[in-house]
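Trainee: Could you take me through one part of this model in some detail? I would like to follow the aromatic side chains and the strands around them.

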Amino acid sequence: QAQLVESGGGLVQAGGSLRLSCAASGRTFSSDAMGWFRQAPGKEREFVAGISWSGVNTYYADSVKGRFTISRDNAKNTVYLQMTSLKPEDTAVYYCAADHLGRYRSAVPSRSSDFRAWGQGTQVTVSS
């Protein structure tokens, strides 16, 4: 069974950095587009960043553009989210997700409905 497991979350001061990892198992994800989403308390889940199956194309929410970088290592079945210049408003549970139709899409997916497999999430807390 396909499984995504996030790690790397924690407590960091504003201006700091964290790197999240998402380890995929159960099948190969090299043809999947991958994405990171987040959900803050009392708010809806929102798209953060996405990467194409090849890793060539990426897409970011305006709120994180220039501060976050998504990347992938298909040999390790792992996706990363490097987060820098963190702000208190980045505090949320961060989720990794996989789109098994990624190889057939012309653009990097960014809608929750595009992703079928989800991890359990990792908490990121940014203190001011």
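Mentor: Happy to. A residue counts as buried when its relative accessible area is under 20%, as exposed when over 50%, and as partly exposed in between. Please keep in mind that this is a predicted model.

Leaving aside residues up to four places away in sequence, the contacts of Asn-77 include Cys-22, Arg-27 and Ser-30. Phe-29 is also touched, and the Asn-77 side chain comes to 3.3 Å from the backbone nitrogen of Phe-29.

Now to the rings. There are five aromatic pairs in the structure. In one of them, the ring centres of Phe-37 and Phe-47 are 5.6 Å apart with the planes at 75°, so this pair is edge-to-face. Phe-37 sits in strand β4 (residues 33-39) and Phe-47 in strand β5 (residues 46-51), so the pair ties together parts ten residues apart in sequence. Both partners are buried: Phe-37 has a relative accessibility of 1%, and Phe-47 has 12%.

Phe-115 and Trp-118 make another edge-to-face pair, with 6.2 Å from centre to centre and 65° between the planes. Here Phe-115 is buried at 3%, whereas Trp-118 is partly exposed at 23%. Together with Tyr-59, the residues Phe-37, Phe-47, Phe-115 and Trp-118 are linked by ring pairs into a cluster.

Arg-45 places its charged end over the ring of Trp-118, 3.9 Å from the centre. Elsewhere, Arg-103 lies over the face of Trp-53, 4.0 Å from the ring centre.

β4, which holds Phe-37, is joined to β9 by seven bridges, and the two run antiparallel. Strand β9 (residues 92-99) has seven of its eight residues buried. Within β9, Tyr-94 stands opposite Arg-38, and the bridge partner of Tyr-94 in β11 is Thr-122. Strand β11 (residues 122-127) is antiparallel to β9, with three bridges between them. Strand β10 (residues 117-118) also runs antiparallel to β9, through two bridges, and there Ala-98 has Ala-117 as its bridge partner.

Note on methods:
Residues numbered from 1 in each chain as written. Predicted model: local features only at pLDDT ≥ 70, side-chain atom pairs only at ≥ 80, totals over all residues. Heavy atoms only, no water. Polar contact = N/O pair within 3.5 Å; in protein donor to acceptor, adjacent residues only side chain to side chain. Contact = heavy atoms within 4.5 Å. Phe/Tyr/Trp six-rings, centres within 6.5 Å; stacked < 30°, edge-to-face > 60°. Helix = DSSP H or I, 4+ residues; strand = E, 2+ residues; numbered from the N terminus. Buried < 20%, exposed > 50% of the residue type's maximum accessible area, 1.4 Å probe, protein only. Lys NZ or Arg CZ within 6 Å of the ring centre and 35° of its normal. Pairing = 2+ DSSP bridges.
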